[in-house]
Amino acid sequence: MRRSRGYRWFVVGVFFGFILLHQTDRLLISPLTTDIMQEFRITKTQMGMVTSAALLVGAVLFPVWGYLYDRFARPKLLALASFIWGSTTWLAAIAPTYPSFLAARASTGVDDSSYPGIYSLISDYFGPAIRGRVYALLQIGQPVGYLLGMGLALGLGPLIGWRSVFYITGSIGIVVALLIFFGVKDAPRGQSEPELEGLAAIKPHRFDWKTAAGLFRKRSLIFLYGQGFVGVIPWNVITFWFFAYLETERGYDETAVLMTMAPAVLVLSVGYYVGGALGDALFRRTRRGRLIISLVGVLAGAALLTLTLRVPHADRSQFMMLLLATAMFIPFASPNVISTVYDVSLPEVRSTALAVQYFIEDGGSALAPLLAGILADASSLENAILVICVTAWLIGAALLIGAAYLVPRDMATLRSQMKERALESVSTT
């Protein structure tokens, strides 16, 4: 059953709200890091372990969520993920000791691996030509959620304490679960593909292990999976440690941190959409278009972050200007990589395809906050952030070049398969 244009955008709005509020809760721990460390009297290494543990749990469960999304109703599973988000956040809020807090925050990784279902469902509402922009709109919720979390932490944290802030975001998760459960409907898998778009009925194709295993025979996906292994390392290091870096090494107070990070996050939000829109535009000219834009973002991000962190601590104006430039480019790859994964994957295994991508990403980056903490204890946060991020981005750039070279053939294979399915659907009606 095809839904109206208005309903499609309603679904996008609901999932934007989910991502926004979920990321608020997930990234809230970064601006609260110093308060939590003081209460539990722990080191940077121990605090880094908190985020690394959640990332490891999420990484392990990505294939499980991907399989479930490809087999069962995606909205109901997403409602369950939202309920788990709210419940585990409450457990973290009541944790009396560091070990129990570590265990509670690790359990939040269960719902962190739920996103493939969102992007898979959206791919059945919107065709390939505009997916980059739609995914970019959804991903704007991530940096805006970071900004909202920063506002809650810096605004409410000193007044009501970090535990009460977690109570608020945990309760929101329960409310969002109810909205998804009652308001979002599933869609036939593959209905938005150009070859199937005008058909009155589509022959269903269900998940099977042979089709899923075929993902690993797509050479462009192998390079994208390799890029994912290193590509998210900088994000986890920056989102977790950048607040502490500004406070402890650049001497920013809470007001200065807010005045620095708020504009950077807003520019980051714009960068998602600019990257997605540029990817869609270049994709119409060449099948390598999305990955070319991704490569530009990665290389520019590495160069600009290096210049940013090497600015003298006293020159806050220049630091701010370069930080904003960095924030514009570093999200370019994200919506384009997701779109490319779906440009080469059959509809019934798309959740699995993206879940594998995220599994590899989190597997590669899960230890990044811990590694940054260790390097920071031995040297400085500035050196830890710079060395880890730039190294990861340069390796990722090489892998993106390989994926861009190979992707046209895999896209042509998918289009051929969709044409065959269109003929099957016509012949059965």
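What radius of gyration would a compact globule with 429 residues have, and what does the chain have? A compact globule would be near 22 Å and the chain has 21 Å, so the two agree. The model is predicted. Its chain holds 21 helices and zero strands.

**Overall dimensions and contacts**
- Along the principal axes, the C-alpha atoms of the chain fill a box of roughly 70 × 40 × 35 Å.
- Counting contacts between residues at least 6 apart in sequence, 86% join residues at least 24 apart.

**Burial and surface**
- Of the 429 residues, 59% count as buried, meaning under 20% relative accessible area.
- The chain has an accessible surface of about 16300 Å², and carbon and sulfur atoms account for 69% of that surface.

**Charges**
- The chain carries 35 positive and 27 negative charges.
- A distance of 9 Å separates the mean position of the positive charges from that of the negative charges.

**Nonpolar core**
- The largest nonpolar core contains 134 residues.
- Helix α21 (residues 381-427) supplies the largest share of this core, with 18 residues.
- The residues with the most contacts inside the core are Phe15, Phe101, Tyr119, Ile122, Leu138, Phe242 and Phe319.
- In soluble globular proteins, nonpolar side chains tend to be buried together.

**Surroundings of Phe319**
- Leaving out residues up to four places away in sequence, Phe319 touches Phe242, Tyr245, Leu246, Arg250, Tyr252, Thr260, Thr308, Leu309 and Val311.
- Phe242, one of these partners, is also listed with Phe319 among the core residues with the most contacts.

Definitions and conventions:
Residues are numbered from 1 along each chain as its sequence is written. This is a predicted model: local features need pLDDT of at least 70, side-chain atom pairs count only at pLDDT 80 or more; totals for chains, interfaces and linings use all residues. Side-chain values use heavy atoms; hydrogens and water are left out. Helices (H or I, at least four residues) and strands (E, at least two) are DSSP runs, numbered from the N terminus. The radius of gyration is taken over C-alpha atoms; the globule rule is 2.2 Å times the number of residues to the power 0.38. Buried means under 20% relative accessible area, exposed over 50%, partly exposed in between (1.4 Å probe, protein chains only). Contact means heavy atoms within 4.5 Å. Accessible areas come from the Shrake-Rupley method with a 1.4 Å probe; for residues, only the protein chains shown count as cover. Lys and Arg count as positive and Asp and Glu as negative; His and the chain ends are not counted. The place of a charge is taken as NZ of Lys, CZ of Arg, CG of Asp or CD of Glu. A nonpolar core is a set of buried Ala, Val, Leu, Ile, Met, Phe, Trp, Tyr and Cys residues joined through side-chain atoms within 4.5 Å.
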